[in-house]
Amino acid sequence: MAAIYRAAYRRAALFYRSHSTYVRKMRYLNKLKEDDSLCRQAQTSGTFYIFHNLSPFLQKVGKKYLIPQLSAAEMKRILEKFKETEQWIEKSVLIGCSDEHVPHFALDLGALERSVIEVELEGSFTDLRKAFFVVDEKDSSLLASAQGLLRWHDSHQYCSKTGQPTQKNVAGSKRVCHASGITYYPQMSPVVIILVSDGSRCLLARQASFPQGMYTALSGFCDVGEAVEEAVRREVAEEVGLEAESLWYSASQHWPFPSSCLMIACHALVRRQQLEISMNSLELEEARWFGLEEIMEGLKREPKSAKQDNGSYLPWFPPKQAIAHKLIDEWVKQQTSQPTQVL
């Protein structure tokens, strides 16, 4: 009887997986990536997020910034206004779809006059670094993905072996050099971001290029052939002269700065016998230990409220959209014995 129940459970689970909204959506997206004709057809009924030289288009509604989705008909109207053909739409890249299978595309209109588009659509093209922190977390992730894909296509128009032009497929999921037969796929650079702790304090640092008063976790690109654990230990040693005794993984995030990166977030505990910071001044402007109370105050503080009357700045930390904020928040919950939030 138990075997019958197990078999029935497996069949039910298989049925659910094959018919779930998520599975159907992922399989539909995969078809769009592989079938140029199907994707070209989808462009006639999809929605479009527009960019201008990699800056996303936003509209301010009240106190909120929204990312408008233009219909295919609206996109056609805009192109006609600039006397451009509908073929321009084939420059777009597929970035997702709704649960109802409405495909979403991103299109860069950098060759068209920026101010005319802004007036026509009653919004503005905003630098991604600014846009990233004024839109909702879900939207900031979408903007990062869209810009990353558009940037990749812009910088991979020629084959690195033959020097011949590469051809984008309709979805923008790859580029092909027909002269060499090489297929190129978008890539991300792995980056470790580490919140270092000695058990009762955490270590945060800042670079000279950061906004005044902002501190964040250590980070650095993984070297070729390097495991994540090795990269964490090396970065901690290089940047602050400490040795990580143990470490554990937290989460990951696509990060668009300076280009498409995969941020791999970890916590690291350093040896109590060696807590004196030896900062690499070529990498950092400042690095220091923060106690729990100072961290909790900094999490409440916004950049505008950080400046004091004497011109100095109180410490403040990256906003919630950044994975560094999640690391800091997790550390606070560990210190206060609160359960950490599970993604």
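In the predicted model, helix H9 (residues 292–300) and H10 pack at an angle of about 135 degrees, with their axes 11 Å apart. Axes are lines fitted to C-alpha atoms, for helices over the stretch in contact, and angles run from 0 to 180 degrees between N-to-C directions. H9 and H10 are therefore oblique to each other; angles under 35 degrees count as roughly parallel, over 145 as roughly antiparallel, 65 to 115 as roughly perpendicular and the rest as oblique. The crossing of these two helices is left-handed, a term used if the near helix is turned anticlockwise from the far one by less than a right angle, with right-handed used if clockwise. On the H9 side the contact is made by Leu292, Ile295, Met296 and Leu299, and on the H10 side by His325, Ile328, Trp331, Val332 and Gln335. Contact means heavy atoms within 4.5 Å. The residues joining H9 to H10 comprise 7 nonpolar, 2 polar and no charged, where Ala, Val, Leu, Ile, Met, Phe, Trp, Tyr, Cys and Pro count as nonpolar, Asp, Glu, Lys and Arg as charged, and the others, Gly among them, as polar. Helices (H or I, at least four residues) and strands (E, at least two) are DSSP runs, numbered from the N terminus.

Residues are numbered from 1 along each chain as its sequence is written, and side-chain values use heavy atoms, with hydrogens and water left out. Local features need pLDDT of at least 70 and side-chain atom pairs count only at pLDDT 80 or more, whereas totals for chains, interfaces and linings use all residues.

H4 contributes Glu74, Arg77, Ile78 and Lys81 to the contact, and H5 contributes Val116, Glu120 and Leu121. By class, this contact has 3 nonpolar, no polar and 4 charged residues.

The second largest pocket has a volume of about 1,500 Å³. On a 1 Å grid over the protein atoms alone, a cavity is a set of points where a 1.4 Å probe fits but cannot get out, and a pocket is an open set with protein on both sides within 12 Å along at least five of seven lines; lining residues have an atom within 4 Å of a point. Grid points are joined across faces, edges and corners, and a volume is the space filled by probe spheres set on the points. The pocket is lined by 50 residues, of which Lys138, Ser141, Leu142, Ser145 and His254 lie nearest its centre. Two or more lining residues come from each of helix H2 (21–34), strand S5 (93–97), helix H7 (137–155), strand S14 (244–255) and helix H10 (323–335). H7 gives the most, with 12 residues. The lining has 17 nonpolar, 21 polar and 12 charged residues.

Leu247 is placed in strand S14 and touches Glu229, Val232, Arg233, His267 and Ala268, not counting residues up to four places away in sequence. A cis peptide bond joins Phe257 and Pro258, and Pro258 lies in the loop between S14 and strand S15 (261–270).
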